[in-house]
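Please read each point with the structure open.

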Amino acid sequence: MRVLKTLAQTTVLGCAVSMIPAAVFAGGWSTEGIADYDLLFADGKFVFETQATYANRNVDFKNAKTNQNTLAGPLPEDSAKSSAGDIAPNIAVFSGAVKVELLENLDLYARLNQPYLIREQPGFDWNGRYAIGETNADALGFDAMLSYKHEVSKGNFVRVFGGLRSVTVDYEQLSKTWAGPGVDLDTDINVDSEREYGFRIGAAFEKPEIALRAMIAYESAIDVELDGALAIQGAPVDFGASAEATLPQSIEAKIQTGIAPKWLASFGVKWTDWSVLNELAVDVASPPVGSVPSKVVRDLGYSDGWIVEAGVGHQLTDKLSVGSSVTWDKGIGGPYSDTYSLSLGGSYDFAKNVKFTLGGRAIYKTSGEGVYEIDKSAPAGDSSVRTEYEYDSSWNFAVSSKIRVAF
């Protein structure tokens, strides 16, 4: 019985085992890892946590070649300035969440976070500037779920949970437009959305006596409608712009269990339907004549994403726990290649109800290649630009901290 009691104590190791968002570098635009709403399962009538992650990214494009078909006809292949350094600038991701016990077996979970983030900034002095100079996107997410826990037999519990996910998205796409030999025009698409909604549902089996928890969850896709403007250098006015996009659905599963006194092991997998986002088409309220495009289509061509993660944690003292995990994140295409990472972290109880967690992740990003392809339709005729590029493998790093307060 003493061994079982000690095993049960290993549930506190969850923060140390997996605390850094696995998708900070890959997984498309998402910043969320596997079951990153673990706070839902925390003990306590009121539990609050806040987390910050800073990622140092290292991606350089090389061997870029650009082909353009302009209104004046096709241009010769452009391979001048075929490289772009530091195309993925460092990023910071923040979140805050709370779990409140409404009744003995009924909990409320709510979270404010940044579920999607894009920073692709190869710049405006490489030959791919006619396709993409910068892509920036930010999202503000708000989740709210109810969780019901039922004891099906002595010491064995089943939990069901579900609720709303919501998000707003701001998207910006900057490039140059070729207007003649030596004449490039700044072009800016800037659109944003109202708050759009989806849902999450899931279930878990829990046996606290041995710190066992097996969970599966589904997150729906979210359709977003974006509105804004297209601005072209030298044009007397901006032109109204609108777009539609589908943020992908996902399915994830995770199991953790005590494997020895004060030891915890975990394993998780997540599939995300990124292939649903194969293009981003922007409709423009352009004049009925002229070269201002009425539609700008960016071909994304993403493939589905997978994250697989395994971890182990150990409670060193009543206050200090440490953990480590290894992660494979399948790339979805473009600058998002496969990554393999190792995380190390630790959590310390500053007080009975206050836990601080700090961890780091070393990420090996594999080499890859991609394409930026933009097609424009205008009353005066259609045009297109296609830039092919490559990038080498690289090492990237992240550090994350979390504070959890329980009452």
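1. Terms first. Helices (H or I, at least four residues) and strands (E, at least two) are DSSP runs, numbered from the N terminus. This is a predicted model, in which local features need pLDDT of at least 70 and side-chain atom pairs count only at pLDDT 80 or more, while totals for chains, interfaces and linings use all residues. Residues are numbered from 1 along each chain as its sequence is written, and side-chain values use heavy atoms, with hydrogens and water left out.

2. Cavities and pockets. Both are found on a 1 Å grid over the protein atoms alone: a cavity is a set of points where a 1.4 Å probe fits but cannot get out, and a pocket is an open set with protein on both sides within 12 Å along at least five of seven lines. Lining residues have an atom within 4 Å of a point. Grid points are joined across faces, edges and corners, and a volume is the space filled by probe spheres set on the points.

3. The second largest cavity. The structure holds eight cavities of 30 Å³ or more. The second largest cavity has a volume of about 140 Å³. It is lined by 15 residues, and Trp-29, Ala-137, Val-169, Tyr-171 and Leu-247 are the closest to its centre. Two or more lining residues come from each of β6 (117-120), β7 (134-153), β8, β12 and β13 (239-247). Strand β7 has the largest share of this lining, with three residues. For the make-up of a lining, Ala, Val, Leu, Ile, Met, Phe, Trp, Tyr, Cys and Pro count as nonpolar, Asp, Glu, Lys and Arg as charged, and the others, Gly among them, as polar. On that count the lining of the second largest cavity has 14 nonpolar residues, no polar ones and one charged.

4. The second largest pocket. Its volume is about 500 Å³. There are 30 lining residues, and Thr-177, Trp-178, Ser-291, Lys-376 and Ser-383 lie nearest the centre of the second largest pocket. The elements giving two or more residues to this lining are β2 (61-70), β8 (156-180), β9 (183-193), β12 (222-232), β22 (368-378) and β23 (381-391). With six residues, β8 gives the most. The lining of the second largest pocket divides into 16 nonpolar, twelve polar and two charged residues.

5. Ser-291. This residue is in the loop between β16 (279-284) and β17 (295-299). Contact means heavy atoms within 4.5 Å. Setting aside neighbours within four places in sequence, Ser-291 is in contact with Leu-71, Ala-378 and Ala-380. Ser-291 and Ala-179 are 112 residues apart in sequence, and their C-alpha atoms are 10.0 Å apart in space.

6. The nonpolar cores. A nonpolar core is a set of buried Ala, Val, Leu, Ile, Met, Phe, Trp, Tyr and Cys residues joined through side-chain atoms within 4.5 Å. Buried means under 20% relative accessible area, exposed over 50%, and partly exposed in between (1.4 Å probe, protein chains only). The largest core has 46 residues, and Trp-29, Phe-61, Val-167, Val-224 and Tyr-302 have the most contacts inside it. A second, separate core of 17 residues includes Ile-34, Phe-41, Val-47 and Met-215.

7. Val-224. Is Val-224 buried or exposed? It is buried, with a relative accessible area of 3%, and its place is in strand β12. Beyond residues up to four places away in sequence, Val-224 touches Val-167, Val-169, Ser-193, Glu-196, Ala-243, Glu-244, Ala-245 and Leu-247. The C-alpha atoms of Val-224 and Thr-246 are separated by 6.2 Å, with the two residues 22 apart along the chain.

8. Arg-213 is in strand β11 and is buried at 13% relative accessible area. Outside four places in sequence, its contacts include Asp-38, Phe-41 and Glu-206. Asp-349, in strand β20 (residues 339-351), is buried at 17%. The side chain of Asp-349 makes a polar contact with that of Lys-355 at 2.6 Å. A polar contact is a pair of N or O atoms within 3.5 Å; within protein, one must be able to donate a hydrogen and the other to accept it, and residues adjacent in sequence count only if both atoms are side-chain atoms.

9. Positive phi. Most residues other than glycine have a negative phi. Lys-81 has phi near 45° and lies in the loop between β3 (73-74) and β4 (91-103), where it is partly exposed at 41%. Ala-211 has a phi of about 60°, sits in the loop between β10 (196-207) and β11 (212-219), and is buried at 2%.
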